[in-house]
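Let's take a walk through this protein together. Have the sequence and the 3D view open side by side, and follow along.

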Amino acid sequence: MPLAFLRWGVLLLVCLAASSSFAGPTKVRRTKAKGSKLVRIKGGELLHHAAAEAFLRMSTEARVEGVSLRVTSGYRSRREQRWLYLRYRKGLGPKAARPGRSNHQRGLAVDLVVGDVSSNTYDWLASHACRFGFRRTVPSEPWHWEFRPRTTLGPAEGQDCLGRDVGPEPAPEPVAKQDAS
C-alpha cells in the first residue's frame, strides 16, 4: 500500500512540473518603492512630483496676483485614508472616500484653504486651476482639487477656465465724436 502512495506522489509531481513548463514564462511584477515619486511642498505636505511641480507654478502665479494657496491635506497613506473613512462612516468626521478610491492616496489631490465659493481664493482657483491641470472633482467640497492634466481641458484662447473673457481691456469709447467736416 505505501508503494501505491509513492507512485501517486511521483505522478502528481511530474504532472505539476509538466504543467508549469507548458504554461510558458511568467512575468514578474516589480513593485516600485512606495513614496519614490512623492515630494514635500511648502507647508510639509507630500504630493506626486508632477502634481507638486504644477502646484508650485500655480501657487507662484496666485501669489503674484495677491492670492495665497495653503494646502491642508495632500498625500494620505492607505492607513490614514481608512481611518478617515471609518470616522466618516461613524458620523465623526467629514466626507472621506473609501480606501483605494481617493486620489489623496496617489498624491494627486490637495485640500486647500479656500473659504466658500464666493471667496477670492476660490474664484481665482476656478478661473485659473485648469491651466495647471487641476480641477475640482467633488461638488460638495470647494476645497478639494485634483491634478488630472490629461483630462482637464484648458481654457479657450482669450478666456479663463470659467469661460469668461480675459485679455487686454477694450479701448474706451471716445467721449466726443469728431466732426467729419
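Start with helix α2, which lies across β3, β4, β5 and β6 and runs at about 85° to β5. Keep in mind that what you're looking at is a predicted model.

Now look at the strands under discussion. They make an open sheet of four strands in the order β3-β4-β6-β5, and the pairing is antiparallel. Each of β3 (71–73) and β5 has just a single partner strand, so these two stand at the edges, with one side of each left without a neighbour in the sheet. On average, neighbouring strands here are turned by 40° against each other, direction ignored.

Zoom in on one of those pairings. β5 and β6 run antiparallel and are joined by three bridges. If you want a landmark, find R136: its bridge partner in β6 is W145.

Next, switch to the side chains. In soluble globular proteins, nonpolar side chains tend to be buried together. In this model the largest nonpolar core has 23 residues, and F55, M58, L125 and F134 are the ones with the most contacts inside it. Which elements give two or more residues to this core? They are α2 (49–64), β4 (109–112), α4 and β6. The top contributor is α2, with six residues.

Leaving aside residues up to four places away in sequence, M58 touches L69, W124, L125, A129, F132 and F134.

The structure holds one disulfide. C130 and C161 form it, with their sulfur atoms 1.9 Å apart. A disulfide is a covalent bond between the sulfur atoms of two cysteines. What does this one tie together? C130 sits in the loop between α4 (120–128) and β5 (134–136), while C161 is in the segment after β6 (144–147), so the pair links parts that are 31 residues apart in sequence. The torsion about the S-S bond is about -90°, which means the disulfide is left-handed.

Are the two cysteines buried or partly exposed? C130 is buried, with a relative accessible area of 12%, whereas C161 counts as partly exposed at 22% relative accessibility.

Notes:
Residues are numbered from 1 along each chain as its sequence is written. This is a predicted model: local features need pLDDT of at least 70, side-chain atom pairs count only at pLDDT 80 or more; totals for chains, interfaces and linings use all residues. Side-chain values use heavy atoms; hydrogens and water are left out. A disulfide is a pair of cysteine sulfur atoms within 2.5 Å. Buried means under 20% relative accessible area, exposed over 50%, partly exposed in between (1.4 Å probe, protein chains only). A nonpolar core is a set of buried Ala, Val, Leu, Ile, Met, Phe, Trp, Tyr and Cys residues joined through side-chain atoms within 4.5 Å. Contact means heavy atoms within 4.5 Å. Two strands pair if DSSP finds at least two bridges between them. Axes are lines fitted to C-alpha atoms, for helices over the stretch in contact, and angles run from 0 to 180 degrees between N-to-C directions.
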